[in-house]
Structure formats: structure tokens, C-alpha cells
Amino acid sequence: MKVDGGIGTDLHRAGAQAKELEAAGYSGAWTAETSHDPFFQLLLAAEHTEQLELGTSIAVAFARNPMNLANIGWDLQAYSKGRFILGLGSQIKPHITKRFSMEWSHPAPRMREMILAMRAIWDTWQSGSPLEFRGEFYTHTLMTPIFMPGPNPHGLPPIYLAGVGPRMIEVAGEVADG
């Protein structure tokens with residue numbers, strides 16, 4: 001059985017908290033997007049641990065675009081040596097439109113497409129194939145060599161999706177890893 005813990009938002013304590021969790025035998029450590037960005041703590045946790053799985057529970061997907069998330073996921077997967085899990089959630093309309101000033105529409109189809117777009121971006125970086133993703137919500141068709149990080153020796157990060165309601169759960173089963 002796996003038992004996971006949480007890492008708080010204090011960047012000065014994140015590395016030590018992760019190290020304590022690993023020493024206590026925890027399997028993983030998660031951060032949440034509340035009062036701070038959830039990714040910085042995980043970078044510090046990766047620096048201070050060797051085996052602990054590290055993930056977001058959750059990062060707000062619709063506050064970002066697929067390219068932003070692809071970059072963050074790629075770098076954390078590489079830096080953690082394959083221990084990163086990209087946990088995403090949609091959040092609710094008022095937060096997306098009023099807090100993040102981003103567009104809100106069709107959350108389940110948009111999330112499906114966002115994950116597929118990230119996977120297309122990662123495939124381009126991993127294989128060197130041209131980037132040709134065209135969808136209803138996102139289009140990614142430009143990837144020049146200077147923006148190619150090259151293959152990730154630790155593979156692609158798994159994507160977990162928070163599903164509130166039957167449509168988002170369906171999307172999780174269709175395109176996510178957990």
C-alpha cells in the first residue's frame with residue numbers, strides 16, 4: 001500500500017518537509033494550488049529527496065495553456081528523475097474567469113483536448129516529429145529547434161485528473177493516467 005503526504009506552501013520548508021516524509025517511509029508528496037503556485041515546492045522536494053513520488057493535487061489546468069503545462073511537467077519529470085505526477089483539475093468558472101481572467105467553456109471537452117495537446121507537444125520533444133496539434137480550443141503547430149528540450153531520459157510524466165462529475169471522470173478514463 002502507498003501512503004502519501006502533503007507539502008505546505010512555505011518554500012523555506014518544502015525541501016525539509018519532503019525529506020521528512022521520505023525518511024518516515026511515505027510513498028509520495030503532493031502540493032495543492034491554493035495560496036501559492038504548486039510547482040515550486042515540488043522542485044525543492046525533488047532536490048532534497050531520492051525516491052518520493054512528487055505531484056500536484058491539483059494544479060489548475062485552465063489557468064494555463066498546454067504549452068505552459070508541458071514545459072513545467074517536462075522539466076519536473078527530468079529534474080526529479082521520473083518521479084513527477086502532473087495532477088490537474090478544472091477548478092470552477094468563477095475562479096477561472098474572475099481570478100485567473102481566462103476563458104471558460106465546455107470544461108470536459110476542453111480538458112480532454114488540453115491533455116491531448118500536451119501529449120502531442122511531449123511527443124514532438126521526445127521523437128523530434130513535427131508539432132501539428134489542431135483542436136477546437138487549442139492549436140500548437142510551431143516548435144523551432146531553440147524551443148525543443150530534447151528527449152526526456154526519464155520518460156513522460158503521468159497525468160492525473162481530478163474528476164467532479166461524470167463527464168470529467170469519463171475524460172480521466174479516456175486520456176489521463178490516473
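Where is T34 found? T34 is found in the loop between β2 (28-31) and α2, where helices (H or I, at least four residues) and strands (E, at least two) are DSSP runs, numbered from the N terminus.

The model is predicted: local features need pLDDT of at least 70, side-chain atom pairs count only at pLDDT 80 or more, and totals for chains, interfaces and linings use all residues. Residues are numbered from 1 along each chain as its sequence is written, and side-chain values use heavy atoms, with hydrogens and water left out.

## Overall build

The protein chain has six helices and eight strands. Read from the N terminus, the order of elements is β-α-β-α-β-β-α-β-α-α-β-β-β-α. The radius of gyration, taken over C-alpha atoms, is 16 Å, which agrees with the value near 16 Å for a compact globule of 178 residues; the globule rule is 2.2 Å times the number of residues to the power 0.38. Along the principal axes, the C-alpha atoms fill a box of roughly 45 × 40 × 30 Å.

Of the 178 residues in the protein chain, 42% are buried. Buried means under 20% relative accessible area, exposed over 50%, and partly exposed in between (1.4 Å probe, protein chains only). The protein chain exposes about 9300 Å², and carbon and sulfur atoms supply 55% of this area. These areas come from the Shrake-Rupley method with a 1.4 Å probe; for residues, only the protein chains shown count as cover.

Contact means heavy atoms within 4.5 Å. Among contacts in the protein chain with a separation of 6 or more, 70% are between residues 24 or more positions apart.

The protein chain carries 14 positive and 18 negative side chains, and the centres of the two sets lie 5 Å apart. Lys and Arg count as positive and Asp and Glu as negative, while His and the chain ends are not counted. The place of a charge is NZ of Lys, CZ of Arg, CG of Asp or CD of Glu.

## Nonpolar core

A nonpolar core is a set of buried Ala, Val, Leu, Ile, Met, Phe, Trp, Tyr and Cys residues joined through side-chain atoms within 4.5 Å. The largest one has 46 residues, and L88 and L161 have the most contacts inside it. At least two residues of this core come from each of α1 (11-23), α2 (39-48), β4, α3, β5, α5, β8 (159-161) and α6 (166-175). The largest share, nine residues, is supplied by α5. In soluble globular proteins, nonpolar side chains tend to be buried together.

Leaving out residues up to four places away in sequence, L88 touches I58, A59, A61, L69, I115, M118, I159, Y160, L161 and A162.

## Backbone exceptions

Most residues other than glycine have a negative phi, and most peptide bonds are trans. A cis peptide bond joins S57 and I58, with omega about 5°. I58 lies in the loop between β3 (53-56) and β4 (59-60).

K81 is not a glycine, yet has a positive phi of about 60°. K81 sits in the loop between α3 (66-79) and β5 (84-89) and is exposed, with a relative accessible area of 60%. H106 also has a positive phi, near 40°, in a residue other than glycine. The place of H106 is the loop between α4 (93-99) and α5 (107-127).

## Selected residues

| Pair | Separation in sequence | Distance in space |
|---|---|---|
| T34 and E170 | 136 residues | 26 Å |
| A108 and G89 | 19 residues | 10 Å |

The contacts below do not count residues up to four places away in sequence. T34 touches T9 and R99. A108 is in helix α5, is buried at 7% relative accessibility, and is in contact with R167, M168 and V171. E53, in strand β3, is partly exposed, with a relative accessible area of 26%. The residues touched by E53 are K2, S27, G28, A29, R83 and I85.

H140 is found in strand β7 (residues 139-140) and is buried, with a relative accessible area of 13%. H140 touches P66, M67, A117, I121, L131, E132 and F133.
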